[in-house]
Amino acid sequence: MPRLSVATLAKVPAGVRLPDYDRSAVMPGIVHLGIGAFHRAHMAVYVDDLLKDNPDWAIVGASLRRPDTKEALEPQDGLYTIAVRDASGTRPRVIGSILKVLDANTQREELLTLMASPQIRIVSLTVTEKGYCHDPATGELDQNHPDIAHDLANPTAPRSAPGMLVEALARRKAAGVEPFAVMSCDNLPSNGATVKRIVTRFAALRDAALGTFVADVAFPGTMVDRIVPSTTDADRETVATLIGAQDAWPIMTEPFTQWVIEDHFPQGRPPFEKAGAQMVADVEPFERMKLRMLNGSHSTMAYLGYLAGYEYISDVMGDADFVKLIHGLMTEEAMPTLDMPGVDLGAYRDELLERFRNPALKHRTWQIAMDGSQKLPQRLLGTIRERLKAGQPFERLGLGVAAWMRYVTGIDEKGENIDVRDPLAMRMMAIAAEAGDDAEALYVGLSGLTEVFGTDLADNQAFGETVATHLDDLFEMGVKETVAELVAR
Ligand code: CS2
């Protein structure tokens with residue numbers, strides 16, 4: 001079977017949607033840092049919808065860590081397939097909006113030169129929570145982060161996302177080129193304002209005038225949403241059969257997609273709204289809603305579900321007790337903390353439950369469980385803080401936190417090792433090894449991680465009682481019993 005590429009595009013079966021624009025005539029207007037599966041299922045598709053009428057907004061992608069996406073897409077001229085899946089089938093579409101992928105490690109100068117050129121008016125990012133090199137509890141730059149230390153010592157050859165942005169902005173400043181807008185598409189709380197704070201701080205540490213310059217750059221906030229499981233070899237085969245060509249890295253995703261964008265792009269932007277994005281003045285309420293409802297449920301299902309032996313989110317949704325738990329977490333504990341005039345939160349919740357049920361999606365609990373130390377603050381702990389302030393219970397959210405603590409011990413209920421992927425994994429497993437099977441000691445050790453819990457939660461008695469009690473139950477009764485008991489109350 002031939003490889004997907006411009007040359008083989010004509011052989012793709014009729015019925016598969018292809019780029020509807022002349023790819024040789026489009027020009028890059030966006031550089032995207034972190035060219036992973038999420039970006040390719042989300043923003044790149046919106047841009048693909050728009051290029052026909054807006055040909056100067058194509059994307060050049062860059063990977064900051066691994067060259068694997070570049071290696072997969074280069075022989076395909078940047079083309080790849082998204083396969084939208086649900087119970088009714090799998091629908092492929094070929095996306096062409098990414099013209100090229102650069103590997104920041106080996107093509108740094110080419111990337112920085114492009115980012116500094118006036119034709120690039122937006123630099124967007126999906127580098128995951130940990131890619132911003134910040135303290136997740138406070139949202140401040142982590143000056144001790146090894147990549148930040150490296151980039152401050154070698155500012156013109158950066159390797160972190162803040163370092164790349166600031167060096168490109170410094171070159172624009174020196175050349176008298178207006179700054180690009182920086183658009184984070186990661187699941188951080190107040191992602192625009194947070195990333196602005198981090199990047200401005202980094203710039204100020206390089207030099208005060210640069211800090212002042214970056215403080216004036218636009219960092220529009222966004223709420224991004226589409227569920228994108230990791231691609232498997234079986235998926236590659238499915239896609240090859242559907243499109244009649246080999247695609248080294250197709251993206252599997254769900255029908256649902258949402259993008260809410262703060263409309264603040266001084267150098268212009270593509271008409272994202274024509275592709276279905278919502279342009280708003282204040283994106284934070286949408287972000288909060290999504291992080292607390294979708295991602296808070298996701299993380300809770302990931303830790304509990306993994307420990308209960310459920311491989312996929314759709315398996316978790318096959319357990320009536322877990323469904324009750326998640327329904328209750330959203331309805332009783334998350335929704336009361338949200339103020340969303342004009343949005344039917346009950347309908348939003350029901351749609352989420354339906355999306356979680358999607359039997360074709362194969363979204364691994366283990367995948368979502370990754371990097372919990374970076375995710376918990378915005379997914380569960382912020383909601384818990386508000387519940388505490390209001391004197392309201394947070395049993396289900398507390399169980400989610402306890403399940404994370406149980407998970408990061410690195411040993412499951414059968415005594416098997418868990419492959420815990422997290423920047424704090426080593427420290428957490430050392431804490432767990434010291435605590436042994438003493439739930440209270442484990443709670444005290446883990447809640448002392450200030451970059452996750454800040455300094456307020458560890459000392460909070462109600463928080464400690466709720467989480468430590470659940471943690472004890474998880475050890476004593478096991479996950480399924482603990483969930484069953486909680487929802488029966
Ligand atoms: C998930 C998210 O992996 C995770 O942590 O919760 O990637 C989730 O699928 C997306 O945010 C959905 O928009």
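Buried means under 20% relative accessible area, exposed means over 50%, and partly exposed is in between, using a 1.4 Å probe and protein chains only. By that cut-off Cys185 is buried, because its relative accessibility is 3%. Cys133, at 2%, is buried too.

Some background on the model. It is predicted, so local features need pLDDT of at least 70 and side-chain atom pairs count only at pLDDT 80 or more, while totals for chains, interfaces and linings use all residues. Residues are numbered from 1 along each chain as its sequence is written, and side-chain values use heavy atoms, with hydrogens and water left out.

Back to the cysteines. A disulfide here is a pair of cysteine sulfur atoms within 2.5 Å, and the structure holds zero of them.

Next, helix 7. Helices are DSSP runs of H or I with at least four residues, numbered from the N terminus. Buried residues in helix 7 include Asn191, Val195 and Phe202.

Finally, the packing. Helix 6, residues 161-175, and helix 7, residues 191-206, have axes that come within 9 Å and cross at roughly 60°. Axes are lines fitted to C-alpha atoms over the stretch in contact, with angles from 0 to 180 degrees between N-to-C directions. Contact means heavy atoms within 4.5 Å. Among the residues making this contact are Leu165 and Val166 of helix 6, and Ile198 and Phe202 of helix 7.

Terms used:
Helices (H or I, at least four residues) and strands (E, at least two) are DSSP runs, numbered from the N terminus.
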